[in-house]
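Visitor: I'd like a quick tour of this one, starting with how the chain is divided up.

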Amino acid sequence: MYDCIIIGGGISGITAAVYLKHANKKVLLIEKSALGGILNKISKIENYPGYKSVTGPDLAYNLYEQVKYNEIEVLESTVISIENQGNTNLVKLKDKELTCKYLILATGKEARKLNLENEDRLVGRGISYCALCDGPFFRNKEVAVIGAGDSALLEALYLSNICSHITIINKYSKFKCKETLLNQVLKKENITILYDSMTKSLNEENGLLKSITYMKDEKEEELQVSGAFVYIGSTPNIFDINLELDGNYIKVNEDMETSIERIYAIGDVIKKDIYQLTNAASEGMIAATNIIKRLNKE
Ligand SMILES: Cc1cc2nc3c(=O)[nH]c(=O)nc-3n(C[C@H](O)[C@H](O)[C@H](O)COP(=O)(O)OP(=O)(O)OC[C@H]3O[C@@H](n4cnc5c(N)ncnc54)[C@H](O)[C@@H]3O)c2cc1C
């Protein structure tokens with residue numbers, strides 16, 4: 001029986017694990033992919049305390065080192081479902097079940113898809129949701145970035161140093177972004193922006209992306225590109241359990257408690273106004289210190 005199981009090894013889950021471990025609690029961190037989570041897919045971060053500028057994978061590596069240094073138990077596995085049984089929680093994996101007194105959901109969110117016909121088939125064949133991972137495959141080629149927010153602009157800037165030309169396809173008439181970021185993009189000679197342009201279809205040739213059809217001013221236009229990077233938001237990774245949600249996101253109180261006793265949620269999976277590293281880490285600390293207090297009283 002663990003004192004606490006944390007599902008998700010991104011910055012929020014790792015922060016919670018460090019606090020629990022420092023308080024001598026029996027804690028397990030379950031991660032299905034790489035420690036650091038979404039950080040492994042971010043090209044550059046310039047607003048995290050202590051760093052002028054750092055790549056996501058470098059920050060993820062530092063977190064991994066911190067997990068190792070603190071001897072935090074990590075299980076590389078996918079949690080399939082969870083069940084609350086009053087004073088304990090059951091965590092179900094493919095091959096076993098684990099129990100804990102407290103559970104923290106730190107499962108983050110997944111990139112949203114365009115939901116176009118060829119999209120799934122073209123992933124890895126022109127369609128990508130991670131410029132950092134796949135950008136180098138499009139060196140000196142023309143690509144598109146589809147999106148209207150900070151992530152789309154940030155990753156377009158990253159790609160502008162690799163690809164010959166980037167066209168940002170924005171379905172709105174404006175960006176929902178930081179002004180400084182947009183100014184940097186506007187200065188780049190190899191970035192073109194298409195406003196009010198709705199992506200309609202992904203066209204393939206010999207199994208690879210060949211072009212994108214988009215609607216602008218009620219006319220269909222075709223853009224020839226070898227790659228398209230999709231940044232149109234994300235959907236939280238939640239489990240099929242009766243948690244109170246706000247939209248698709250988990251609702252929590254100021255202690256990061258969900259509507260189910262002994263289940264907490266932190267980071268990108270919860271409903272909040274701003275999704276950043278600093279508040280994700282802070283929520284990890286809040287959930288962990290609250291759980292530590294409760295464990296010390298039991
Ligand atoms: C392109 C981009 C750029 C960004 N730039 C910045 C920036 O400059 N500054 C900033 O402050 N923030 C930035 N952010 C936001 C910031 O990265 C996130 O808010 C933060 O990393 C979220 O951390 P997290 O721990 O909640 O989730 P994540 O890092 O997403 O971690 C969740 C983890 O849970 C794991 N998981 C999910 N389901 C399961 C399961 N069933 N079983 C086991 N494991 C599971 C996943 O594999 C993942 O590793 C950016 C985000 C993006 C997408």
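Guide: Happy to. The chain splits into domain 1 (2-110 + 234-297) and domain 2 (113-231), with bounds from an automatic or database domain assignment. This is a predicted model, where local features need pLDDT of at least 70, side-chain atom pairs count only at pLDDT 80 or more, and totals for chains, interfaces and linings use all residues. Residues are numbered from 1 along each chain as its sequence is written, and side-chain values use heavy atoms, with hydrogens and water left out.

Visitor: How much area do domain 1 and domain 2 bury between them?

Guide: Buried area is the accessible area (1.4 Å probe) that two parts lose on being put together, summed over both. Of what these two domains bury, 62% is on carbon and sulfur atoms. In domain 1, Lys41, Ser43 and Lys44 lose the most, together 73% of that side's share. The total for domain 1 and domain 2 is about 520 Å².

Visitor: How many salt bridges cross the interface of domain 1 and domain 2?

Guide: A salt bridge here is a side-chain nitrogen of Lys or Arg within 4 Å of a carboxyl oxygen of Asp or Glu. The whole structure has 14 of them. Across the interface of domain 1 and domain 2, the count is zero.

Visitor: And which residue does Lys44 form a salt bridge with?

Guide: Lys44 is partly exposed at 40% relative accessible area (between the cut-offs of under 20% for buried and over 50% for exposed, 1.4 Å probe, protein chains only). The closest N and O atoms of the pair are 3.7 Å apart, and the partner is Glu46.
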